2 protein chains.
Amino acid sequence: MACHKPAYVTMYDMLSSLKEGGTFLLNCKWTDAELEKELPVSMKRMLAKKHIRMYAIDALATAQKAGSPKSQNMVLQAAFFKIANIIPYEQAEVYMKAAVEKTYGKKGPEVVKANCDAIDMAVSELREVEIPEWWATTKVGAKADIPADAKADKYYTEFISVCNAQEGNKLPVSKVSADGSVPTGTTKYEKRGAAPVVPVWDITKCIQCNQCSYVCPHAAIRPVLMTEEEAAKAPKSFASKPANGFAGMKFRMQVSPLDCTGCSSCANVCPAPGKALKMTDIEVATKAEKANWEYSQTVPVKNVAPTNPKNSQFSKPLFEFSGACAGCGETPYVKLVTQLFGDRMIIANATGCSSIYGGSAPVCPYTKNDKGEGPAWANSLFEDNAQFGYGMFLAYKARREKLAADMHKAIELGCSDALKASFEEWGANMKSVDVTRKCADEIKAALPEAIKAASGELKSVLETIYADSDCIVKKSFWIIGGDGWAYDIGYGGLDHVLAQDEDVNVLVLDTEVYSNTGGQASKASPTGSVAKFAAAGKRTKKKDLGMMAMSYGYVYVAQCAMGASQPQLLKALTEAEKYDGPSLVICYSTCINHGIRMDMGQMEQKKAVEAGYWQLYRYNPNTGFTLDSKDPTASYQDFLMGETRYKSLKAAKPEVAGVLFAKAEKDAAARLESYKIKAEESKEAQANKQ
Amino acid sequence: MACHKPAYVTMYDMLSSLKEGGTFLLNCKWTDAELEKELPVSMKRMLAKKHIRMYAIDALATAQKAGSPKSQNMVLQAAFFKIANIIPYEQAEVYMKAAVEKTYGKKGPEVVKANCDAIDMAVSELREVEIPEWWATTKVGAKADIPADAKADKYYTEFISVCNAQEGNKLPVSKVSADGSVPTGTTKYEKRGAAPVVPVWDITKCIQCNQCSYVCPHAAIRPVLMTEEEAAKAPKSFASKPANGFAGMKFRMQVSPLDCTGCSSCANVCPAPGKALKMTDIEVATKAEKANWEYSQTVPVKNVAPTNPKNSQFSKPLFEFSGACAGCGETPYVKLVTQLFGDRMIIANATGCSSIYGGSAPVCPYTKNDKGEGPAWANSLFEDNAQFGYGMFLAYKARREKLAADMHKAIELGCSDALKASFEEWGANMKSVDVTRKCADEIKAALPEAIKAASGELKSVLETIYADSDCIVKKSFWIIGGDGWAYDIGYGGLDHVLAQDEDVNVLVLDTEVYSNTGGQASKASPTGSVAKFAAAGKRTKKKDLGMMAMSYGYVYVAQCAMGASQPQLLKALTEAEKYDGPSLVICYSTCINHGIRMDMGQMEQKKAVEAGYWQLYRYNPNTGFTLDSKDPTASYQDFLMGETRYKSLKAAKPEVAGVLFAKAEKDAAARLESYKIKAEESKEAQANKQ
């Protein structure tokens, strides 16, 4: 039995199925003395009672020693074969090294050597742990660290905790949600502590730009804006400084180490001289920041208009701590959308990565604000997501029309003047977010008394309005998915829904490849990229989804890359949501399938735009087409060589690569040219209008 | 019992289920004396034996008298109620006239009156037929007119004739095709005689332009090009005159009255002064032309290159006598494609009108040339037709690659020098129609002897090549469907297949509405048109399918309207087929759902282009975009008022119509503008190339 993640010792019962005298391998950096404190009572007792032979190894330290920090898997594999005696270790070593050659051969001899070194290093670093006999009856040990709010949540104690302990098959049917719904705001209970290193904030260097928070894929780093009083009530370690641009307020950047995945994206984008974020051992950081994080969650969120990237981050992310890859290029987009519109958002999500990290039972990363408002989210299929979301929109539209008719009836039946005024104001401003919010507050506040006072038909109409009051505030409909959905499998439906000219918003997380599905080429994959079904480099160019949608003339379309321009993305999302018709926002999303350093994803996006690989634009049917990115300033070919999906073709088939990459560059230039023509046409059309 | 179609008397057994003393109504223009000859023996005997009361009426003449030639259904309904005594006739009359008001009220008071007059006229025109007692034992009567070639075809005698007599449920399972295949070239056996009037050719006036043949939806009128010898062998009535442009040859235009549906399209497009075609009673024409038609089918088709519309018509249509509506706007396109490429054509057909008239068991309108070559055709579903056709293409491509490898092997194994030369020439010219045709002839001729002479591995390889010799000639792949398929239900797949950059051709028969499905709006329906689900006029504009396909840059795209330009269509189809990549040809197809005179469909297409409602263009990735239609010369709004799908909105909701029609005109102008920009860009790009 082997456990590769130390945090699991208090989370799962691993040893009850291990036989008497069995062998147990634990990956940890704990010394024997530390193990005494870190292992839970039940595990210590079982180790002693069953006379289990226990081994420990620090896989990360070992891999680092071997010069290959990523080779923890090799270290742990070698350690496992060394002690498991399934086959003689000498034989296992030969097989493992042959597999290394086969798997990493394409990446070069250095990678192969580092992995082989990691195997050798594992054997020397492995140590046996002596189990004291008295552990068999010990009453002292570590306990799982369950947040206080989780303990108070029945859904956590009765469902999530059981599933997370991998004991879900013991749950009675009565505990399972009959309609498949999962309460939102539940990922925060998991506190996975998945990162080896997490960012620590240096208050002296921070320039309060909030870029770290903007790019964080997991919402694990957040600015805190406090009054003097709130700052005074905080723990001592909760340092803060005067907030730039918010007179009399205090500012602090708060990390949640146990929710962080350690991608380093925040630290890498930090523009402060000398960097205000430094990646630090998680245990050190957790000890220092756990209480601070908890306090930060009690500070009321201040009402700051999201007029620029910095200010957008003072809104609470209503999408947090998902199970996406560390450094995921998609989730920062989703998070930002929830910060802007989350409190009145309804989401239809296509199958793909975003449906996996968006809806992994027993928890849900979508969450609520202080008022209990947050996104409603559902996933149907790969092929019908646009239609699915459009159906939600139509249902809402029909319910609102009914609501308007009911309000009209209530007025006819003689409701109070105050209610009449609110109903009429609402009826005249159904599409205004601000007005409908105000009316919702007025109507919801007045109705209970009004219902009590009314009788007969008026009473029943007012009751119906009250029952439908979730429709008073203008909702924000979002249809979200990846390029596999939008360009390929769901395109027929997406095109159909865009063509209907209704007020729905589409967010395409474009990784240029089927990501969760397994790395297959999609029509979003560019010429020359290597993917499944395109192992010899894709022959055809990337489909211009935005251009096709623009051909309708009434669809708002934007192309964005957060890493290239945070303000352009914010502008595009804001305009898209505001546009009274269909909107399509295509977001370049870096992905592990690209073969890049995921901690540098934001910089890679910037490079993509600088090299003319990806363009930024916004097309608003009311105001025309704006090309937001400048002419390329960097080499297209250099950009390709920075990503394994291209580089590997050059290594495997240099001649094919040469032809395809030249074609790819030409395709990108033609695409840019077509955007320029569109911008020119637009300028002329606007000039003619005036 | 009522029979509305006189031809049915010899086709179906109608009276065996009628009770003793029952009533029988026959629609015909036969006098009592003529009935003596026109009714078959079995019917005459049954009429007399069962003492059936027989009534006759000439519905067409009656309706014409009432001033409403289309109201034959009213005439026959009234006649039926008059003699059937199901309810008192006075009561039936009230109901029928109320139904007329309800059904035709929207079309105006004149239409209502004409229909009511037809009802009244029916009662006075109905006459009882006296049945002579001796008919009970008569041995004289009419016989079904079965063509000689049908009688000789086992599939006709054992299957088609049984099904067509509506006796299909008596067929044993062993007679049913196990794989669902239907022999082609079988509609010609039906000789439906469905038309009341058919064209008769005036040799003195004909200018030999072949336009009548080009536009005929049913391939029922064809030019005959003959040698002097062939002309000399013909029946006396088979008049011909010197063929313009073909020295020493004779020309004749031949109609097949029994295969014609009487749409008058041919007569209406005839540009000859005084018209060379005149619509005439079918019986008169059949008597005059039946033998001539039969002789025309024995005259070998001359090999004339289809370099212009006239010459294209000397090729045999490999799509004939389908069950499409009289005056169908789609079938002339399908027919022309088969004249150009039919002998090596493989068709995947989407569900819709084209799958109904294209594949109605027990017969198939696709047919073969003298060599037995003709289209292979299949229909899968509404939603997968592009993929279905693409799959056929991939199978063919793989088989051809295998064939190439086998030829290579045969050369290595030492096949004859002659075969080697053919194999090598083929391998170097696999995409050339002419060369692969020549090689196919050579290889197929040489192989049988070569196989006999060979032994061992060479023998087996040559046998394999012989088995795969259907792949030698370059095939022409066509994916055919309507706008419901291409713009809507099958669009996701269509887009995907076009994106693959393979050599398939797509023909879209754009009626701007779901036709066979029942007249629902599709994304091809323009703003303001009335359709199911768009009863108050469609709010969104027509999707620009061609523009979307052009965004790939490697898809050949054309928009055509046969009635506006026969040469442009011919050019587009020829270029599309020749282009070594995906092609999309979108053809404006007039349809009964438009609410127009179907005999004027070609002229309506011309008007559509002249009014700027529809544009003609060709986009060839190799040479750029060409706008083939001129700036509008006619009124857009006048064009709309000529079609019920628009006119009815103006009648029902004049204000809405005003707004939508103005928007429609603006949309069309914007579309034209975008094509002009594209043409301009193209010109510049071509100039830069040089």
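Is the crossing of helix 16 of chain A and helix 17 of chain A left-handed or right-handed? I looked it up, and the crossing is left-handed. The term applies if the near helix is turned anticlockwise from the far one by less than a right angle; clockwise would be right-handed.

**Ground rules**

I am working on a predicted model, where local features need pLDDT of at least 70, side-chain atom pairs count only at pLDDT 80 or more, and totals for chains, interfaces and linings use all residues. Residues are numbered from 1 along each chain as its sequence is written, chains are lettered from A and ligands numbered from 1 in the order in which they are written, and side-chain values use heavy atoms, with hydrogens and water left out.

**Helix pair, chain A**

I stayed with the two helices. Two packed helices are described by the angle between their axes and the distance between the axes. Helix 16 (residues 385-412) of chain A and helix 17 (residues 417-428) of chain A pack at about 145°, and their axes are 10 Å apart. Axes are lines fitted to C-alpha atoms, for helices over the stretch in contact, and angles run from 0 to 180 degrees between N-to-C directions. Helices here are DSSP runs of H or I with at least four residues, strands are runs of E with at least two, and both are numbered from the N terminus.

Next I listed the contact, meaning heavy atoms within 4.5 Å. Helix 16 of chain A brings A:Arg400, A:Leu403, A:Ala404, A:Met407, A:Ala410 and A:Ile411. Helix 17 of chain A brings A:Lys420, A:Phe423, A:Glu424 and A:Trp426. These residues divide into 7 nonpolar, no polar and 3 charged. In this scheme Ala, Val, Leu, Ile, Met, Phe, Trp, Tyr, Cys and Pro are nonpolar, Asp, Glu, Lys and Arg are charged, and the others, Gly among them, are polar.

**Sheet, chain B**

I moved to an open sheet of 3 strands in chain B, with order 6-8-7 and antiparallel pairing. Strand 6 (221-226) and strand 7 (241-242) of chain B are the edge strands, each pairing on one side only. Two strands pair if DSSP finds at least two bridges between them. Strand 6 and strand 8 (residues 250-255) of chain B pair in the antiparallel sense over 6 bridges. I found B:Pro223 opposite B:Met253 in strand 8 of chain B. Helix 12 (residues 282-296) of chain B lies across strand 6 and strand 8, running at about 125° to strand 8 of chain B.

**Backbone exceptions**

Most residues other than glycine have a negative phi, and most peptide bonds are trans. I checked for departures. A cis peptide bond joins A:Ala361 and A:Pro362, with omega about 10°. A:Pro362 sits in the loop between helix 15 (353-358) and strand 11 (376-379) of chain A. In chain B, a cis bond joins B:Ala361 and B:Pro362, again with omega about 10°.

A:Phe533 is not a glycine, and its phi is positive, near 65°. A:Phe533 lies in the loop between strand 13 (505-510) and helix 22 (545-550) of chain A. Is A:Phe533 buried or exposed? At 79% relative accessibility, A:Phe533 counts as exposed. The cut-offs for relative accessible area are under 20% for buried, over 50% for exposed and in between for partly exposed (1.4 Å probe, protein chains only).

B:Asn85 has a positive phi of about 55°. B:Asn85 lies in the loop between helix 4 (72-84) and helix 5 (89-104) of chain B. With a relative accessible area of 59%, B:Asn85 is exposed.

**Aromatic rings**

A search of the whole structure gave me 59 aromatic pairs over all chains. Rings of Phe, Tyr and Trp (its six-membered ring) pair if their centres lie within 6.5 Å; planes under 30 degrees apart are stacked, over 60 edge-to-face and the rest tilted. A:Phe319 and A:Tyr366 form a tilted pair, 4.9 Å centre to centre, with 50° between the planes. Why does the pair tie together parts that are 47 residues apart in sequence? A:Phe319 lies in the loop between helix 13 (309-312) and helix 14 (331-341) of chain A, and A:Tyr366 in the loop between helix 15 and strand 11 of chain A, so the pair joins those parts. A:Phe319 is buried at 1%. A:Tyr366 is also buried, at 1%.

**One last residue**

I ended on A:Leu672, in helix 27 (residues 654-689) of chain A. A:Leu672 is buried at 10% relative accessibility. Not counting residues up to four places away in sequence, A:Leu672 touches A:Gln615, A:Leu627, A:Asp631 and A:Pro632.
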